[in-house]
Amino acid sequence: MRQIYIGLSFALLTLSSAQAQWKSSGSFSSYGSTYEFQTRRHVPAQRAGVIPELRLDGKFANDWRFKSDLWVRTDFVSPDAQEAFQWNAKNFYLQKKTSSLTWRLGYQTLALEGPDVINPTDVIHSKNWVDPTAPSTLGSAGLSLTQELEHWHWDVFYVPFQTRPVLPGPHSAWLPRKNRLPIESENTEFRIPSDVTYQYRTPVELNNALKNNISLRVGRKSEKFEFQGVYYNGLAQVPFL
């Protein structure tokens with residue numbers, strides 16, 4: 001897939017007073033790409049759109065903080081609603097800090113401090129699969145509590161209703177459209193009709209997987225050793241189709 005990308009980053013404003021300090025920044029980019037593989041007549045062979053992102057960080061009343069990181073992606077070519085306009089509240093929460101405890105309420109995206117390649121807490125959040133080669137993490141709305149005690153730290157994150165994953169649209173070029181679908185079994189072969197079309201049925205929630213998701217993280221850090229463990233009980237990251 002050939003791609004053209006143009007990006008721009010900017011800082012909007014910084015306001016401060018005796019009671020509050022606000023910082024805002026953002027970025028704006030446009031993209032265009034063409035699939036190098038052949039597509040069907042009802043499947044767009046190109047993608048093009050814009051990606052604005054706006055960040056806002058405010059500190060006030062000494063121990064209160066508001067943080068916002070909103071991301072929007074459009075696709076002017078796709079006929080599918082879930083691809084034409086996508087949005088993600090990476091962070092949109094109100095924070096209260098008292099001594100060693102920190103409370104956060106709102107949309108959050110958890111990330112470990114340290115690992116640059118693998119982030120175990122990534123399993124907590126749903127994904128945007130519109131581009132399966134580069135899925136993006138979706139923020140989850142909930143309540144988190146964090147505490148640091150010398151070399152130890154822990155946090156718990158409760159999500160009453162998990163964010164639903166976003167799948168490629170029915171007209172996406174990423175959906176299987178060849179006459180034969182290769183699989184590992186030598187005795188079975190799936191055959192796909194020519195000029196196939198797709199339609200998603202109403203999603204079915206199994207075992208109340210969207211409700212009452214919870215994660216617990218415990219870690220210890222010193223000059224010579226670092227350890228972090230994560231427990232998660234909730235929605236599976238990849239939807240069952």
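Where does Ser99 lie? Ser99 sits in the loop between β5 (85-98) and β6 (101-108). Strands here are DSSP runs of E, at least two residues long, numbered from the N terminus. The model is predicted, so local features need pLDDT of at least 70 and side-chain atom pairs count only at pLDDT 80 or more, while totals for chains, interfaces and linings use all residues. Residues are numbered from 1 along each chain as its sequence is written, and side-chain values use heavy atoms, with hydrogens and water left out.

Stay with Ser99 for a moment. Its phi is near 50°, a positive value in a residue other than glycine. Most residues other than glycine have a negative phi. Ser99 counts as exposed, at 71% relative accessibility. Exposed means over 50% relative accessible area, buried under 20%, and partly exposed in between (1.4 Å probe, protein chains only). Glu150 also has a positive phi, near 55°. Glu150 lies in the loop between β9 (140-149) and β10. At 83% relative accessibility, Glu150 is exposed.

Now turn to the strands. β3 (residues 46-60) and β4 (residues 64-74) pair in the antiparallel sense over eight bridges. Two strands pair if DSSP finds at least two bridges between them. β3 and β4 form a hairpin with three residues between them. In that turn, Ala61 has a positive phi of about 50°. Glu53 has Trp71 in β4 as its bridge partner. β4 also pairs with β5, in the antiparallel sense over eleven bridges. Lys67 stands opposite Tyr93 in β5. In a regular strand the side chains alternate between the two faces of the sheet.

Next come the charges. Side chains of opposite charge can pair when their charged atoms come close. The structure holds seven salt bridges. A salt bridge is a side-chain nitrogen of Lys or Arg within 4 Å of a carboxyl oxygen of Asp or Glu. One of them joins Glu53 and Arg55, at 3.3 Å from N to O. Glu53 is buried, with a relative accessible area of 14%. Arg55 is partly exposed, at 28%. Glu53 and Arg55 are linked with Lys90 in a network of salt bridges. Arg65 and Asp57 meet in another salt bridge, 2.7 Å from N to O.

Which residue forms a salt bridge with Asp155? The partner is Arg217, and the closest N and O atoms are 2.5 Å apart. This pair links distant parts of the chain, with Arg217 in β13 (residues 211-221) and Asp155 in β10, 62 residues apart. Both Arg217 and Asp155 are buried.

Leu149, Trp152, Tyr158, Ile214, Leu216, Val218, Phe225, Phe227 and Tyr231 form a nonpolar patch with about 820 Å² of accessible area together. The area comes from the Shrake-Rupley method with a 1.4 Å probe; for residues, only the protein chains shown count as cover. Patches are made of residues with over 30% relative accessible area and no salt bridge; like charges are joined within 9 Å, nonpolar side chains (Val, Leu, Ile, Met, Phe, Trp, Tyr) within 5 Å. β13 gives the most, with three. Phe225 is in the loop between β13 and β14. Phe225 counts as partly exposed, at 48% relative accessibility.

Finally, look at Gln162. Gln162 is in the loop between β10 (152-161) and β11 (180-181). Gln162 is buried, at 1% relative accessible area. Its contacts (heavy atoms within 4.5 Å) include Ile124, Ser140 and Tyr232, not counting residues up to four places away in sequence.

Technical notes. Helix = DSSP H or I, 4+ residues; strand = E, 2+ residues; numbered from the N terminus.
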